[in-house]
Amino acid sequence: MKNKNFKYYLTLLSFSGVLLGSCNKDLVQNNPNAQTSSSYWQTGGDALQGINAAYAVLTLDGTYMRFSPVLENVRGDDIISHSPWTAISNVDIFALGTSDASGYGWAYDEYYEGIYRCNQVLDNVPKITMDAGLKNRILGQAYFLRGLYLFHLVNFFGNVPLPLHAPANTSDFFVKQSTAAAGWAQIESDFKAAIPLLPVAYSTTGGSDANDLGRATQGAAMGYLGKAYLFNKDFTNASAQFKNVINLGIYGLMPNYKDNFTEAKENNQESLFEVQFSTTVGGTVLGWQGIPNSTWAEASARAITFGAPDFGWTDVQPSVSGFNEFFLEKAKDSSVDPRLDATMFYNKPGETIYGQLWANVYGNTPYINGIYNRKYENGDGNKANEFDWKSGINERLMRYSDILLMYAECQNELGNSAECAKYVQMVRTRANIPDKTVLFTSFTQAQMRDQIAHERLLEFCLEGHRFDDIRRWGWLSDPTKLAMLKQRDAGFNSYIPGKELYPIPQSEIDNNPGTKQNPTY
Amino acid sequence: MKKCKNEFRKGVRWFSLLSFICIFLGTNFVYAQSQIKGKITDKDGKPLSNATIVVKGKPTATTSKEDGSYTISAKAGDVLFVSYIGFQNTEIKINGTTGQNIQLIAKTSSLDDVVVVGYGTVKKKDLTGSVSIVNVGDAKKVATYDVAKMLQGQAAGVSVQGSGEPGGYVAIKIRGISTFGDNSPLFVIDGVPVSAPFDFATDDIESIQVLKDASAAAIYGSRAATGVIIITTKKGKSSVPKITISSYAGVQNVPKKIPLLDRVQYQTVVSAAETNAGLSIAPANDPTSPYYVSTINTDWQKSALKTGLIQNHNVGVSGGTEALAYNLSVGYFDQTGYQAGPQKYDRYTLNSNITGKKGILSYGAKLAYTESHKGNYAATNGHAVFGGTVTSMLTAIPTMPIYDNTKLGGYGGTDQSINRAISANVIGINNLVTDYSNRNRVLANVWAELEIVKNLKYKINLSYDRTDYMNYHYEPKFDMGYYYINSQYYMYQQYGVSKTGLIENTLSYALKYKKHSLDMLAGLTYQKDDNQWMAATSQDTTTLVNTVFSAIANQGANTVSGQAGTATLYSTLGRINYNYDGRFLLTANFRRDGSSKFAPVNRYGNFMGFAGAWNLTNEKFLHLPSQITNLKLRLGYGTLGNQSSLGYYSWQSYINNGTNYLFNNSLAVGASTVSVTDPSLKWESTTTKNAALDLGLFNDKINLTAEYFERVSSDIITAIPIPLSVGSFPATLTTNAASVKNNGFEATIGYKKTDGKFKFNINANAYTLHNTVLKLGGTNNPIYGSGSKTEVGKEVGQLYGYQTEGLFQSVADVNKHAFQSALTAPGDVRFKAQNGKDNDPTYTITDGNDRVYLGSAIPKVYFGLNFDANYGNFDFSVFFQGNAGSKVFNAVYQSLMTGQYGNQHTDELNYWRASHTNTNVPRPMIGDPNGNNRFSDLFVESGTYVKLQNAQIGYTIPEKQLIKTHLFTRIRVYLSGQNLITIAKYKGYDPDFISDGLFSRGLDYGSFPNARTFMFGIQAGL
């Protein structure tokens, strides 16, 4: 019996042995859906696609697809929000909280997605053997975009981490929060690094990026470097950068102000940098946020969000004070400032909205005397309404008229009133507003500041600059100016010092140890 | 040596006599002896068909016929051994050569029942691990399509949460959370591990066993960390064909209404909210406005809730011979929703099993086919239905009409300026949007077992499980007012297939020597999962007449996407059961799994379990009193693995090549790594400890099992939040991060009275569950859910928010208190500032510093109680189930107490105003600048409930009358009610709601309430 049992054991053991030895190879399964990261960054083509991906964040929900325009515009005294969505309307009344990070939290998240992609380019592309010119242009764009994304982060949130490399392992995830001052220094450093690497234009570069309208140029980097200096009251350096832009000699004002906000005249001579949108290129699915996908549309949702009632959601609309500002000075032919008609829809004789007569559309509704956004809307007969969510109008982030007015502002601060007046009038002249160069030259510095404030509101209403201006001019801490703002926009009634910054999203505080929330949140 | 061999053979035969499969051993040999005839009946004289009669010590066997009669070759002095399910085995010595009528006595002890464990069976009395045997009869009284729902309250340690949505997901957990992904257990149906067990008809189930600890489940190794539920479906028995029919049909309703505002009340509250915010009154609510709404007063709850129907029919036929027995059944289940719209779930099922044995070869095959259709509730592509369909139904404003012929689509909506409210018309959306999911599933399995030499068996088991699914969504252009305006049709169609192939080879060997017996098992399995899908979308401003892709004129409107993946799992396994004299029992399990989901360096995981039991009843030295008929101590320890939460390629960092942009108005392809990954991912593991006592009293009329368990799950794979500043999407890292402990007591007690005309059974179970997070990975940053926080030392998903201290009554109150917001005023909620800062006006209340824990979302105790009784031909049963000691974040109530545009709970009428200050309902204010509606204790409620889940009364038609039909052998009719009574303080629809079951487990966001069902059913046999 013993022998027999032993045999059984042997049988069992041998079976097991046979079974154990096989099949390991089948455990190797490669992802059929995507290339592995470790096999990437080998060619110039990889580098170019890598930098393209760094741009792609500009079309996400928190960036320029929707919320950056909201966050930039709605706090201004020229804009109000009666949106039922508190992520928008609470911007207007400085009442955002940390329990719901919708909107501002998406912006925070997505600008860092952009920085991650820029850092991948900056870490990997220098090692690639490829055309040296193209390599420089790609690295220049990566510095520019990182500077641009950090600009938004520091401007919105103040003290933020400054990751300068893609994380190599999990311990790199916890980049310490920096001061806003350190943030500005990094922004300036990035734009400075970008300037010599970037071409003035892509029409002459040759290579696989030739004629790519929409890529960052030297002028754009100079303009943003100047703007960063200006925001830090370094008027000398700011002035020099704006002058550099002017001296490039390739920018000019469009004869028709309105051409800056339509699909027809995108990437025009007045544009230093703009976010590219289209309804005809790319997929059809609205790619708000998430893991990107080629089915995503390349369209903006700004127009529906800011759009007039019955044509869009009207989450954002001009304030009455913003509207009234346009009537303070008439054009040369005594008509209303032509920029008003490019900026707003309102009840005036013969007004049309989305190709229909205002009176017919709103005649019997409470909207009849409303004021609605026109800038960046498709409301001049291009579309029936905005309810498909998709707008193809590029968002102009930096226009030459901004360079001119920022340059003028620097000259005023530096005491060069004649130079200031000349450049302010340049922008007025394009809008057919009477020449007041002589008068402006006689203004005190303080008078000129107020004039520039007025000029900038008219020129840039709905372009997201107003609140930045208010803040850097110190109006929020000037009781007279703050009282004026409260009068112009009731949203300022609930402003308290500190609310000029958005809250840092709670998840950053929770997950990046040592991160401090902004005061008042 | 010969004696030894005989002993051995005797032992084996003794075993085989008791087990189903082996009863036909040796029946091929017929001895020329006298024919013994007789009849087998129960003690009331009722014939018992299909009882097994064996001549003891000889290979002769037969079964009784329909009328209980049998014929067997035997001689005087032989002993007939008769076995029949549910009756005690009986031996009768043959006295003469003629008739021998045998009365069988119903068995009260179930200890000889065979329990199906992984890769084999074991007698209940020999169990060492923690296994719950579900009373399938009780469980089947629940009218549901999903076996998981059937188990609610039926077994200690098993928690089930479901909703009233037809075909909706049911969450089932065994002994708490052991992973941060899918916590549903592994289901093994007829030996085949399957996911999505809801595809299969519950009627076909014969038995259900729940393996709760590692010593029981380690044989399933990497798959078993969340527990294993073993389901055996009905098999044929050697007999003439028998047909069974079971059917029920019933109506379903929402048993509760939530009190909501009517038109005038709504207009009053919202006008107050606008006035408080310094806004003009919305024209629709302003009696002085020409747009004032005075004629519409929609009761959305009344209009949207209707009566749903539920029906289920199943016909089965079984029979066959020993060499080939079959069971075949077809089923149909159909449930329509109780919310207005075409939503429903229906399912056709086929289940067929064949089994047989010829000599040393046993074999079987299974083929199951399911075709199901689920019509889903309102989900739109571009227009969020805020809070979900149920919450949106409740918050829909009464001044919105249901229908409006002037609007595109014909359904009513709100106006941006007149009503100012964004309000979803869920009736409109449910009807306009077509959204459904179809599933076709084939589960095929074939096995053969060869007894190579005596007691050495080789078994091969092949199975193939394939699900073809199609998800379809179409929404036309519509206009349902503010926000709900769709100017583009949207169509989505996804086709996918998931396939699982499995090969299992096992060798088993049984050995008995004197008082020692040993069962050994070794095996190898290889599993391959393949998934593929392809989806197309189309979106355009044209109107689509035909909603198929070929009908789309503009190809530019279409996009296509797809994905594929393969995962493999290769395992070796082994088990040894040792039994000494029925007194000492030892089990050791082992499994080594290799998975393609991990990087090569961490590919393999080893899992093992050990258990021992001491059967004190069989110890003669103890002299236990005769009332104690069973006393057993069990101890178990082991480790289980898990990888179910993990994607196929999660460890591999990849390049996303769809990060596109535009230059010069043409597409510029972008490629980048967008998500961070952890290349060192490894197995999750759960170590379990189990101690148990089984006690049977008074001939096992009373049975008690008490268990203590402790499970520590380590290296839990979870997406831990990482700083947003990393720039990854998602802003999480999937990694082995967390560790969680679950422990608790379980008790099951049963009493049965089986004699007399009035027979009954009581089975009750209760268990506790205590959950502690030991580790969260990285820097152990807490994980925040909706109104919850998970941190080390606390439970998963503990409720978390602000404490409130009533309302501010004066400006002075506001000014003395910690700062909340610039617009905080009397009538706003006073939130408690923590750390002694409450009365410091220079301190600002923040989420970071002032939120606190507000209660446990995990019940302290879960319980279930079944009572079944028989009196003559009547039977009656009730089933109570519930839990106690948890808190719920009632997000539905929160949505109804906003004081914003949107309908409100009638409690909101009690809002604070200068003339009414004695209240805890804050002033309504559009925009809610004080955040009165934020997560706070105002919305935390008790989750304790007791439900009368089922009450049933049945009548079995007496056989005397049935005989007249010459067709039926059994007819039982019954009336049943489900979810009849809920005892709870809860303000929402139903304290038994479905949530994410994890980090926001205590959040009721608007689950479809479980329906109250009344139904009529019939069970027949012929």
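Axes here are lines fitted to C-alpha atoms, for helices over the stretch in contact, with angles from 0 to 180 degrees between N-to-C directions. Helices (H or I, at least four residues) and strands (E, at least two) are DSSP runs numbered from the N terminus.

The model is predicted; local features need pLDDT of at least 70, side-chain atom pairs count only at pLDDT 80 or more, while totals for chains, interfaces and linings use all residues. Residues are numbered from 1 along each chain as its sequence is written, chains are lettered from A and ligands numbered from 1 in the order in which they are written, and side-chain values use heavy atoms, with hydrogens and water left out.

**H2(A) and H6(A)**

H2(A) passes H6(A) in a left-handed crossing, that is, the near helix is turned anticlockwise from the far one by less than a right angle. On the H2(A) side I listed A:Gly50, A:Ile51, A:Ala53, A:Ala54 and A:Ala56, which meet A:Arg117, A:Cys118 and A:Val121 in H6(A); contact means heavy atoms within 4.5 Å. The residues of this contact divide into six nonpolar, one polar and one charged. Ala, Val, Leu, Ile, Met, Phe, Trp, Tyr, Cys and Pro count as nonpolar, Asp, Glu, Lys and Arg as charged, and the others, Gly among them, as polar.

**H7(A) and H8(A)**

I then took helix H7 (residues 132-157) and helix H8 (residues 180-197) of chain A, which pack at an angle of about 155° with their axes 8 Å apart. H7(A) and H8(A) are therefore roughly antiparallel to each other, and H7(A) passes H8(A) in a left-handed crossing. The residues of their contact divide into 14 nonpolar, six polar and three charged.

**Chain A overall**

I counted 21 helices and eight strands in chain A. Of its 521 residues, 63% are buried (under 20% relative accessible area, 1.4 Å probe, protein chains only).

**B:Phe709**

I found B:Phe709 in strand S35 (residues 702-721) of chain B. At 0% relative accessibility, B:Phe709 counts as buried. Leaving aside neighbours within four places in sequence, its contacts include B:Arg175, B:Lys689, B:Phe745 and B:Leu769.

How values were computed:
Parallel < 35°, antiparallel > 145°, perpendicular 65-115°, else oblique. Buried < 20%, exposed > 50% of the residue type's maximum accessible area, 1.4 Å probe, protein only.
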